[in-house]
Amino acid sequence: MTGNPVRVHPVAEGVSVAGAMKAVFLRDVKVAFRQRQDLLNPLLFFVMVVTLFPLGVSPEVSFLREAGAGILWVAALLSVLLSLDHLFRHDFDDGTLEQLVLQPQPLFLLVLAKTLAHWMLTGLPLVILTPVLGVMMHQPGNSIGILCLTLLIGTPVLSLIGSIGAALTLGLRSAGVLLSLLIIPLYIPVLIFGTGTVAAASEGAPVGAYLALMGAFLFLALTLAPFASASALKISMSNS
Amino acid sequence: MAFESLSAFIAMEGHGPYVWTCYGVFVVLLAGLMLWSQRRRRTTMEACRRNYEREAQGQQRTARPAATFTRVEVSQD
Amino acid sequence: MWQFFHKLGSPKWFYGIATRLMPWLLVVGAALLLAGVVWGLAFAPKDYLQGNSYRIIFIHVPTAFLAQSVYIMMAVAAVVTLVWRMKLADVFVKAVAPVGLVLTFLALFTGAVWGKPTWGTWWIWDARLTSMLILLFLYGGVIALDRAINDEKSAARAVSVLVLVGVVNIPIIKYSVEWWNTLHQPATFKLTEKPSMPAEMWVPLLLSVLGLYFIFGWLACLRMQTEIIFREQRTRWVKDLVMAGRP
């Protein structure tokens, strides 16, 4: 993989970087819509985890109002985590990933395109579903808005950091559990600031600074995570 | 010396159990880690030595098959 | 300079140096640690606020300090592994990660036990304890990933990537946990930060920190030697070394 860049696909040489990214993105979306169950599963999981809390702890309005934002955030985090195993797995199994690694375009940009597609297919639906669950958890109106906003900024960070873990554990036995072990500690700052912003908003404090910090997380993850997952992918590919 | 007597040193004005538990666990874990690491180096070396000796024996004798197989007819009905 | 660098990368050269260094590391480390601990336990004055329970500091701070710096050392070694592909660097990461895990656990345990007389409960979601707990998870992840990958070379590089991602996250985790802590429980009593610590307290503390550093050096050398023997067992010098012990 190092040394002289071997151009395996002469056709691909003519494709611009942006074109290649777009192609990867559209392909992932298309494949995902052919297997709709995979799209639905994280959403179902999200709703079920949230349901467990009123049943398991307390259905009282005061408890749900206080803990609701945190529960929704944790549930969203877990369902993103659950879906990460699929990020590279199918492409790894059928050999597409190998072709992707061999493309002349920089791998980290292609990985970025894949991760963005993953976010659009899992993170974004979660954000869209959040207002409904927010009402069920008795969240006040402006909290729901802020909650959706934090999830909108936070879930791409979850996907981006998660892509590193997914790339590292590719092709290993019990990759799912290992992936969670590696990634959950790295998710903690996003979770803290996501729920902290909602808590500040519900107390009437200004949240601009917190949202800006979350935006900083997003840009940090956008710039650094694709490099890490691209190099992790190369390592995992040479392993198998 | 910050303590009057040995019993005062052990008791530490009621904080003794906490302090001594901490030091006890610290000593046990650190010593355990050190001894375990040392044991592991020894066992690794012994495993390597056995490997070398097995190889040396294998070179002296001509390789004999580890097992032989004979075909057995089994009726399938 | 380059020659030195190359030599440093040679497992055989390191093995010899480590063998010569290790007795010194052990003796000096044990002496310093023992001196610091005995001084701290028996001779240092009582703390006017916390009483005698503060004597846990003489092992809590060294373990916590070392647990964090071991992760930083691993990150440096990870860079060396990824950039220069130096064999010894990845031997170091593999050998030292379990030591870091044990030290982090010790820091957590001593912190929790210290919390009982100070705060009245075994566990408080205090910023330091919580970030220590997350550090424990990070060590656990590194060890789990290393165990899961069979191929030695890919394991080394994958672990290096993970350690680097972790080290980028450590300051962010620390900062966010501190922020979270002030949000939920304003201005708790701090365990270790004292505006002015008398010399009878900080000198033994310094001694035990240094002592634990030396002990760590000894452990690192020993565990690296084990790993080197295992990896280089096909080479002539390891064979000679192993067979030399026995007739």
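Predicted model: local features only at pLDDT ≥ 70, side-chain atom pairs only at ≥ 80, totals over all residues.
Helices are taken here as DSSP runs of H or I at least four residues long, numbered from the N terminus.

In chain A, α4 (86-94) and α8 each supply at least two residues of the lining of the second largest cavity. The volume of this second largest cavity is about 50 Å³.

Helix α8 of chain A supplies at least two of the lining residues, as do α5 (127-148) and α6 (152-184) of chain C. Nine residues of this lining are nonpolar and two are polar, with no charged residue in the set.

On the chain A side 26 residues take part, and they touch 27 residues of chain C. The size of an interface is often expressed as the accessible area lost when the parts come together. For chain A and chain C the buried area is about 2,300 Å², with 82% of it on carbon and sulfur atoms. Between these two chains there are zero salt bridges, and likewise zero residue pairs in polar contact when both residues are required to have pLDDT 80 or more. On chain A, the side that touches chain C receives at least two residues from each of α7 (141-168), α8 (175-202) and α9 (208-239). Of the elements contributing to this side, α9(A) gives the largest share, 11 residues. The class breakdown for this side of chain A is 20 nonpolar residues, five polar and one charged.

Turning to the partner on chain B, 33 residues of chain B are in contact with 47 residues of chain C. The two chains bury about 3,800 Å² between them, and carbon and sulfur atoms account for 74% of that area. Within chain B, the residues that lose the most area to chain C are B:Y23, B:F26 and B:Y52, which together make up 19% of what that side buries.

What charged pairing is found across the interface of chain B and chain C? The rule identifies one salt bridge there, in which the side chains of B:E55 and C:R234 meet at 3.3 Å, N to O. Five residue pairs are in polar contact between chain B and chain C, counting pairs with both residues at pLDDT 80 or more. Helix α2 of chain B (residues 16-60) gives the most to the side that touches chain C, with 26 residues. This side of chain B comprises 20 nonpolar, six polar and seven charged residues.

How values were computed:
Residues numbered from 1 in each chain as written. Chains lettered and ligands numbered in written order. Heavy atoms only, no water. Contact = heavy atoms within 4.5 Å. Buried area = accessible area lost by both parts, 1.4 Å probe. Salt bridge = Lys/Arg side-chain N within 4 Å of Asp/Glu carboxyl O. Polar contact = N/O pair within 3.5 Å; in protein donor to acceptor, adjacent residues only side chain to side chain. Nonpolar A, V, L, I, M, F, W, Y, C, P; charged D, E, K, R; others polar. 1 Å grid on protein atoms, 1.4 Å probe; cavity = no way out; pocket = protein on both sides within 12 Å on 5 of 7 lines; lining within 4 Å. Points joined across faces, edges and corners; volume = space filled by probe spheres on them.
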